[in-house]
Amino acid sequence: MDIEQDTVREGIGQHVGFQPRFAKLRQFISDNSFSHEELRYLRILLSAHRIDIIGELPIELVVQIAERLSISDFAACSAVSRRWREAFLSSPVLAALTNKFCPSFAHRPGRAEAEATQEENLEALRRIERSRCANGHWHFATDFEWEHESYFKLDPEYHNSHEDAAATYARYNTEDNDPRPNRMSPLGALYSSGKIAWRPKRRVVAVDSFWSRTRKIFSVPNGPLVSSELRLMAMGNELVVGSMDRLIVAWDHVRNAYQEKRLPGSVKCAATRGLRIAVILYSGDVFLWEFGGSIEALTTAPLVNYHRFAKNTLIHWQSNLTAVFHPTCNKTLFLASAYDHTVDSRTTTLKRVVYEFQGMQHTRTFEIGTVPVASRRTGLVWIRKLLPYRRDIIGFWEQPFKHDINETFVEFDIYDRSFTARNGEVFDSHEFGWRTTNSDADLDFSVGFNGNSYVVATHQPGFDFGTGQVFWQF
């Protein structure tokens with residue numbers, strides 16, 4: 001039947017073509033303004049018709065329905081029938097879901113969202129769900145091994161391929177008087193982008209790649225003004241960052257380069273993305289370093305002046321200060337912190353605040369306040385970027401004296417620039433996507449550190465730990 005010619009009676013003595021009615025329906029739906037009650041009422045109305053509802057709906061409405069589902073529910077709906085599968089696996093629906101659950105994939109650098117294929121979007125959603133369910137296809141467990149390593153081979157492009165491996169390891173063993181690896185070094189191990197960085201010696205860093213089964217060994221030059229102990233601070237897709245008191249050091253583990261900068265104070269924490277490094281000192285001073293370029297101080301005095309902190313409040317604000325880079329825009333940096341704000345003599349709220357910087361310029365401030373738990377007296381708040389299956393979110397968790405108290409867990413969505421307070425929920429590190437001190441993950445691998453060993457699971461179907469390659473995909 002030609003839909004252009006078909007008509008339907010509307011009211012008395014009126015005939016309206018389907019196309020104008022469809023246009024009105026699309027206009028009504030596309031403004032994305034449905035309330036929960038309107039959706040419930042629409043479901044009641046449609047339930048009276050014994051038709052394949054999803055198969056008959058405009059794609060705009062299918063997108064809105066899919067965006068309200070979890071990935072597991074979305075997968076169940078796509079298996080109901082052929083028409084449902086065609087609707088839920090259409091390009092607009094998959095693109096919308098990928099943007100909802102993994103915006104860093106949809107907006108990744110160098111590729112427009114429209115260029116992502118249906119299969120790429122579908123595979124991204126599968127990997128998110130595998131990561132959320134901790135459902136690795138293959139597992140690999142090993143000890144942190146130094147001279148007798150058999151799994152990771154020395155990278156032939158970085159290390160001399162003509163030199164015996166034992167001679168290479170012996171050369172690095174002269175870095176200190178201990179001929180064996182420091183047994184405590186794995187406690188500072190870091191994971192990022194399919195690689196693990198760990199410290200086998202006090203001044204030596206090993207970077208092991210699951211993708212190529214290779215190892216690169218980096219060392220810090222000796223000097224009379226350099227601390228004897230290296231602390232690993234951060235690892236990103238291109239850099240490994242460490243500190244030795246007032247010295248910040250970085251290795252480009254992709255291009256095999258090393259640089260260092262001296263700072264006016266001791267380093268508290270650091271973050272890195274691409275070739276950019278954000279460094280926070282114990283004094284609260286913040287520095288931005290473009291690897292290969294200069295290091296500059298980020299102006300934070302206006303932030304302190306704006307809040308008019310009392311002395312103790314300023315100390316807590318400085319202690320909680322954390323840096324997080326935007327996942328797809330290296331020029332965007334977020335500084336996050338928390339502090340107690342006294343409303344009156346009887347009321348105190350715990351403020352969480354996020355400052356957005358574009359380059360060196362502070363552009364926006366976001367803030368939310370909640371009533372802190374009664375037993376919290378430390379003034380400290382854990383602030384971390386959540387695991388990727390929880391979207392791109394900065395999490396704020398209070399540190400109470402008693403662990404059985406239900407703290408208010410606060411989330412800041414990096415893409416939506418909005419806060420959400422999860423009041424009265426029992427804290428569950430996996431459900432909330434919290435990064436613990438002994439585990440980390442992305443959409444390729446999940447890694448758990450345990451003393452002098454670790455276990456890794458891959459979310460890549462067909463990945464072979466024996467060769468470091470992907471042989472097949474779903």
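Guide: Start with strands β6 and β7. β6 covers residues 195–201 and β7 covers residues 204–209. The two pair in the antiparallel sense, over five bridges. Within this pairing, A197 stands opposite V207 in β7. Keep in mind that this is a predicted model.

Now widen the view to the sheet. β6 and β7 belong to an open sheet of five strands. The order is β4-β8-β7-β6-β5, and the pairing is mixed. Strands of a sheet pair through backbone hydrogen bonds, either parallel or antiparallel. Look at the two ends of the order. β4 (153–154) and β5 (190–192) are the edge strands. Each has a single partner strand, so one side of each is left without a neighbour in the sheet.

A helix covers part of this sheet. Helix α10, residues 165–172, lies across β4, β6, β7 and β8. β8 spans 214–219, and α10 runs at about 30° to β8.

Next, the aromatic rings. The whole structure holds 35 aromatic pairs. Take F144 and F449. Their ring centres are 6.2 Å apart and their planes stand at 25°, so the pair is stacked. F144 sits in the loop between β3 (138–143) and β4, while F449 is in strand β26 (residues 445–450). The pair therefore ties together parts that are 305 residues apart in sequence. Both F144 and F449 are buried.

A second pair involves the sheet directly. Y158 and F218 form a tilted aromatic pair, with 5.2 Å from centre to centre and 45° between the planes. Y158 lies in the loop between β4 and α10, and F218 lies in strand β8. This contact links parts that are 60 residues apart in sequence. Y158 is partly exposed, at 28% relative accessibility. F218 is buried, with a relative accessible area of 3%.

F144 and F449 also belong to one aromatic cluster. Its members include F140, Y151, F152, W198, F210, W211, F445, Y454 and F465. W198 falls within β6, whose residues are 195–201.

Turn to the charged side chains. Side chains of opposite charge can pair when their charged atoms come close. A search of the whole structure finds 19 salt bridges. In one of them, R391 meets D413, at 2.6 Å from N to O. R391 is in the loop between β21 (381–385) and β22 (393–398), and D413 is in strand β23 (residues 409–413). So this bridge ties together parts that are 22 residues apart in sequence. R391 is buried, with a relative accessible area of 16%. D413 also counts as buried, at 10%.

K331 and E290 form another salt bridge, at 4.0 Å from N to O. K331 lies in the loop between β17 (322–325) and β18 (332–344), and E290 lies in strand β15 (residues 286–290). Here the parts brought together are 41 residues apart in sequence. K331 is partly exposed, at 48% relative accessibility. E290 is partly exposed as well, at 32%.

A local example sits in helix α9, residues 118–132. E123 forms a salt bridge with R126, with the closest N and O atoms 3.6 Å apart. Why do E123 and R126 lie about one helical turn apart? Because they are three residues apart in α9. E123 is buried at 7% relative accessible area, whereas R126 is partly exposed at 27%. E123 and R126 are also linked with E119 and R130 in a network of salt bridges.

V62 shows the packing. Leaving aside residues up to four places away in sequence, V62 touches I54, L57, A87, F88 and V93.

How values were computed:
Residues numbered from 1 in each chain as written. Predicted model: local features only at pLDDT ≥ 70, side-chain atom pairs only at ≥ 80, totals over all residues. Heavy atoms only, no water. Pairing = 2+ DSSP bridges. Helix = DSSP H or I, 4+ residues; strand = E, 2+ residues; numbered from the N terminus. Contact = heavy atoms within 4.5 Å. Axes fitted to C-alpha atoms, helices over the stretch in contact; angles between N-to-C directions. Salt bridge = Lys/Arg side-chain N within 4 Å of Asp/Glu carboxyl O. Buried < 20%, exposed > 50% of the residue type's maximum accessible area, 1.4 Å probe, protein only. Phe/Tyr/Trp six-rings, centres within 6.5 Å; stacked < 30°, edge-to-face > 60°.
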